[in-house]
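Colleague: I would like to learn how to read helix packing in a model of this kind. Could we work through it here?

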Amino acid sequence: MSTALQMAPAPNEVTATPLLELRGISKEFPGVKALDDVSFALYPGEVHMLLGENGAGKSSLMKVLCGAYKADAGEFFHKGEKVTITSTADAQKLGIAVIFQEFSLVPYLDIAQNIFLGREPKGRIPGTIDRRKILADAKRLLDMIGFDIDPSVIVNTLGVAQQQMVEIAKAISQNARILVMDEPTAALSDRETELLFALIARLKADGVSIVYISHRMAEVFSLGDRITVLRDGRRIDGVRPADVTPDQLVRMMVGRTVDMTYPRNFADKPGELLLQVKGLTSSSGISDINIEVRRGEIVGLCGLVGSGRSEVARAIFGADPTTSGEIIFDGKPISGEPDVAARRGIALIPESRKSEGLALLRSVGDNLVVSALRKLFPSGLFDPRSGQRTADGLIRQLRIATPSARQTVGLLSGGNQQKVVIGKWLAAGAKLFIFDEPTRGIDVGAKSEIFALIDRLVAEGAAALMISSEQVEICHVCDRAYVMREGRVAGHLARNELTEENIVRLGMHHA
Amino acid sequence: MREAAVVSQPNPFQRIPGVAIVLVALIVLFGAIAPGFLSAANLSNVLVQSTILTMLALPMTLIIMTEGLDLSMGAVLTLTSLCVAIVSLATQSMLLGLCAGIAVGAAFGTINGWLVAILGIPPFVATLGTLGMAQGLSLIVSDGQSVVGIPHTVRDIYSATLLGIPVPIVMALVTYAAFHGLLYHTRFGSYVFALGGNREALRYAGLSPNRLLIAVYAIGGTMAGIAGLLMTARMNSGHPTAGLGLEFDAIAAVAVGGTSFERGNGWLLGTLLGVIAVGVLRNGLNLISMPSSVQVASVGVLVIVALFLDGLRSRA
């Protein structure tokens, strides 16, 4: 990190004209105001940090900036002149390039061909590539950004950090003056991070401006010349790192308005231990996870997107192989496969219920009984009438709004589809429900019904582990919560400590 | 969360063994058990007989690199072979026959590309449809009969030599050189890698993936037209089932050669070795009097063995 600290001082914005300025940008999607009157100025040669919780509007702003989204309202100014950005081509012409987390590289072409894809130097024979020139040009570019590698190396053999360097070289080759980086260090080792920071310092010195999205406090302070904080699609403040403390930044990020009440009847005392996870490590990147869930509890699992929350859920369910650690469920160790976990009474209700939880083209009834077939029909013969009775019972019990059990599931609303998924596991005799973003894509009214349903489930002796990016929901609904950070449990919050601020504080990288 | 570093794939040369081991093993095997297999005349025969497949398998490599498939190649070859026979019979001109074959082949290839790129029909289904169309047209233009009495200039192509090398082999070598140049040394070739590897990258570079995709399928149809000439020459007639099942051998050769069906990972030399392996297998089984049903089954086994060996290597 030492390199980052020796960076050139930020230019004085009182005298300089912004390289790029956005004024009053708004962008609405059906039901969500992604950006609401956001203004943003980027000066030549500065690193501008974009900070905010999941869903605060960082990604939307970035996409408006690079022309992937068209803003509903607002103006753009480039070096003081009014411009329009309605396509990625517009953005490219203004010298804006995005370093995507999902790389835009072709895996089985070499570095040089990737950098100059579509702009290859022409060889003597029409249609051919001037091999010597493309390699020399690429080499010069790679030298410029300090990446010492043979440009004829096939990209697929490179590591994540090296691919990122190629992306940056590609952007520079297109005369990019504004680089947008979305959590560029998320997949890098410490050594690679240092190389990236050194490169950023060099780019800055050349007058390249960088918009940098990060969740790591250390980066925000060591790298940033300026910080813009977003919340709920609105710009909360623009500050200089020297003028704020990490705590003040956290406070700016949280504080979402609560627009509804969540029904919850907290039990007087917790029930018996149902799930005990000890030192769980899996190949998907989580390590040393220790979690306990008791009957009658709703336990939150929070943290930033990508902190390993879903991976913990998948490991408990047996969907990802674990490399060490122990999972004790209902007094007995459990290991291995999802079908074992399901039979023992663990239900995983995934975020993408359309692809993982439901057979959308089949009926409500079919979906409700599919997990319980073994239990309902031990002989192996399907009895339609008995299946129908079970399905009708669940529809009544869960108050699923459907004309009949024969209705196609795909035609129900999001909230009712969610109830069908819950009902399916209930029929199979699940005791522990693991919810991954249970309210995603569900309207406000249905949310409260889903929570009422979960509340009833745990009151009847089940337990729930709930992953959510909606910290307000965690705070109102959960008995307590674990906060994940970079594949580990960063902390545990009891009921009286459960505030948005504490969740964000634990979830951010402070080191 | 930290992602695991990208696991590096073996480069093309580390992949030689899969297909090369199989090829060497087959040559050793048939050298031992098939009388006359190792004679110069027979080996030359194997290569000559592999030329038609080469002309299909090379463009099939490009198509598979785009995460596509062309099941119609065998049927289109049947049709172009008939066109060569009919037109050369009517005009007594080998060249006009070839032009007719190429035109029909290119048309079918373009239709395939259009169905896949513009209409978005999965390649498997789209080319299955054109397979049926080409088969039906073959029966119509030939009336279900062989087209015989074609000019000897056509037949002579198959038996003639150039500098002592059989003309079909020369044609196959020229084709290989052309495809090698196209894939590895032209801009179009780079875009073929991108079609399978990352189509978004093409769009960002301001290129049209759809037009490129149509071109790739059109090349396949065109090559089926040229191969149609060789087929007609070889059989000295047009036959309404001449190309039956050749698409199977072509796809098998590509797969044996180590081209992946995902992410635009293709290897032309591997395809060439795969073609020869299929040719050696069929020739050897012929020599020990195995029926053609056994040959088809054996090609299937060959694909599985070669991919198994590659799998073993990449895990090692």
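Modeller: Start with the convention: axes are lines fitted to C-alpha atoms, for helices over the stretch in contact, and angles run from 0 to 180 degrees between N-to-C directions. Keep in mind that this is a predicted model.

Colleague: At what angle do helix 4 and helix 5 of chain B pack, and how far apart are their axes?

Modeller: In general, the angle between the axes and the distance between them describe two packed helices. Here helix 4 (residues 94-117) and helix 5 (residues 123-142) of chain B pack at about 150 degrees, and their axes are 9 Å apart. Angles over 145 degrees count as roughly antiparallel, and helix 4 and helix 5 of chain B are therefore roughly antiparallel to each other. Their crossing is right-handed.

Colleague: Which residues make the contact between these helices of chain B?

Modeller: Helix 4 of chain B contributes B:Phe108, B:Ile111, B:Asn112, B:Leu115 and B:Val116. From helix 5 of chain B come B:Pro123, B:Ala126, B:Thr127, B:Thr130 and B:Ala134. By class, the residues of this contact are 7 nonpolar, 3 polar and no charged.

Colleague: How many residues of chain B are in contact with chain A?

Modeller: In chain B, 26 residues are in contact with 27 residues of chain A. Helix 8 (187-197) and helix 9 (199-204) of chain B each supply at least two residues of that side. The largest share, 6 residues, comes from helix 8 of chain B. The side of chain B that touches chain A has 10 nonpolar, 11 polar and 5 charged residues.

Key:
Residues are numbered from 1 along each chain as its sequence is written. Chains are lettered from A and ligands numbered from 1 in the order in which they are written. This is a predicted model: local features need pLDDT of at least 70, side-chain atom pairs count only at pLDDT 80 or more; totals for chains, interfaces and linings use all residues. Two residues are in contact if their C-beta atoms, placed from the backbone, lie within 7 Å. Helices (H or I, at least four residues) and strands (E, at least two) are DSSP runs, numbered from the N terminus. Ala, Val, Leu, Ile, Met, Phe, Trp, Tyr, Cys and Pro count as nonpolar, Asp, Glu, Lys and Arg as charged, and the others, Gly among them, as polar. Angles under 35 degrees count as roughly parallel, over 145 as roughly antiparallel, 65 to 115 as roughly perpendicular and the rest as oblique. A crossing is left-handed if the near helix is turned anticlockwise from the far one by less than a right angle, and right-handed if clockwise.
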